[in-house]
Structure formats: C-alpha cells, structure tokens
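Please walk through the structure shown below, starting with its charged pairs and moving on to its sheet and its cores.

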Amino acid sequence: MSEIKMMHGNPERAKHQSVIYTTADGKFKYQLDMDYAKDLPEDIKTLPYLGNVSGGFCDANDNLYVTLRGGGVIMNPGPQTMFVKLDPNGHYLGRLGEGQFGPIHFGNVTPEGTILVATVMQQQVVELGMDDKIIRTIGTKNDGCHNKKDDPKGVVP
C-alpha cells in the first residue's frame with residue numbers, strides 16, 4: 001500500500017495564476033485576492049490557504065463574513081467553525097459563532113442585522129446576533145432530513 005500524502009494550499013498560488021469568478025448572468029466578475037484579509041490573529045492566519053473557507057457574505061455596511069469550517073473538518077488542526085468578520089478593506093474586525101455549532105452549510109445577514117446559519121451535521125438553522133449570542137434555532141438538533149421512503153416522518157411525493 002502506498003503512503004497517504006496530505007496536500008495543503010499554496011500561499012503563493014495567486015502569484016502563479018489568476019482566479020476569476022463570473023456570475024451566471026455574466027454581469028459581474030470577481031478576482032481572487034489572496035492578500036485581502038489583513039491583521040488576522042495567528043490562530044486563523046493560515047486557514048484561507050488550507051481549504052477551510054467554505055463561503056462568505058456581506059452585511060449592509062459591506063463588511064465581509066468569511067465562513068470557516070473549522071480545523072477538524074479539513075485534515076488539519078485549528079480553531080472551530082466560525083465567521084470571521086472583515087471590514088470593506090479586508091481588516092480583521094472579529095469572529096462570531098466560534099464553537100457554537102458544527103460545520104456551516106451557508107450563512108446570510110438578515111435585514112434586522114442578525115446572521116442566519118444553516119448547519120450541515122446538526123440539521124438546524126441558527127439565528128446569531130452580532131453580540132455572538134444565539135437568538136433562536138429552527139429544527140431539532142441532529143434530527144436529520146426526513147426524505148427517505150421508509151422514514152415515517154418523511155414525505156415522499
């Protein structure tokens with residue numbers, strides 16, 4: 001049996017390639033900027049290069065919330081799942097939700113200024129305040145998805 005090799009992202013990759021994302025309608029183009037995040041604390045400084053970023057979204061003030069899956073999910077040790085908040089120029093403003101839920105499927109800021117978080121493994125939607133406190137949860141933690149034919153809770157068309 002051959003040896004298993006661990007692969008990590010290369011912090012220098014942006015110097016060697018140009019990564020441009022185009023929206024489906026072709027109206028907008030975005031270019032990856034590996035140096036956008038500034039002043040990150042030491043414990044999360046390398047996470048963007050190790051594949052732990054799973055998405056992001058902005059609030060009404062153009063602050064960016066970067067979704068980190070947490071160290072235990074992607075083959076490297078590190079902090080737990082959280083949102084890292086950056087100002088419009090990429091400067092670190094803080095973190096939210098650290099250790100409060102498992103891997104994040106996605107998040108979004110509501111018109112009321114709270115964050116809705118869809119969790120992957122816990123199968124819940126969590127509403128998180130900007131004070132880092134959970135406001136409410138929707139769904140039963142770890143109850144799963146009921147869409148199987150033999151599941152009495154499920155509904156199959």
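The side chains of Arg95 and Glu98 form a salt bridge with an N to O distance of 3.2 Å; the term stands for a side-chain nitrogen of Lys or Arg within 4 Å of a carboxyl oxygen of Asp or Glu. The model is a predicted one, in which local features need pLDDT of at least 70 and side-chain atom pairs count only at pLDDT 80 or more, while totals for chains, interfaces and linings use all residues. Residues are numbered from 1 along each chain as its sequence is written, and side-chain values use heavy atoms, with hydrogens and water left out.

Arg95 also meets Asp43 in a salt bridge, at 2.9 Å from N to O. This pair links distant parts of the chain, 52 residues apart: Asp43 lies in the loop between strand 2 (29–31) and strand 3 (53–58), and Arg95 in strand 6 (residues 92–96). Strands here are DSSP runs of E with at least two residues, numbered from the N terminus. Relative accessible area is 42% for Asp43, 21% for Arg95 and 34% for Glu98. Each of these values counts as partly exposed, because that class lies between buried (under 20%) and exposed (over 50%), with a 1.4 Å probe and protein chains only.

The whole structure holds 3 salt bridges. One of them joins Glu127 and Arg136, whose closest N and O atoms are 2.6 Å apart. Glu127 is buried at 11% relative accessibility, whereas Arg136 is partly exposed at 46%. Through shared partners, salt bridges join Asp43, Arg95 and Glu98 into one network.

Turning to the sheet, 4 strands make an open, antiparallel arrangement in the order 7-8-9-10, where pairing requires at least two DSSP bridges between two strands. Strand 7 and strand 10 (134–138) are the edges, each pairing on one side only. Strand 9 and strand 10 are joined in the antiparallel sense by 4 bridges. Val126 has Thr137 of strand 10 as its bridge partner.

Val126 also belongs to the largest nonpolar core, which has 11 residues, among them Phe57, Tyr65, Leu96 and Ile115. Such a core is a set of buried Ala, Val, Leu, Ile, Met, Phe, Trp, Tyr and Cys residues joined through side-chain atoms within 4.5 Å. At least two residues of this core come from each of strand 7 (104–109), strand 8 (115–119) and strand 9 (125–128). A second, separate core has 7 residues, including Ile44, Leu68, Val84 and Leu86.
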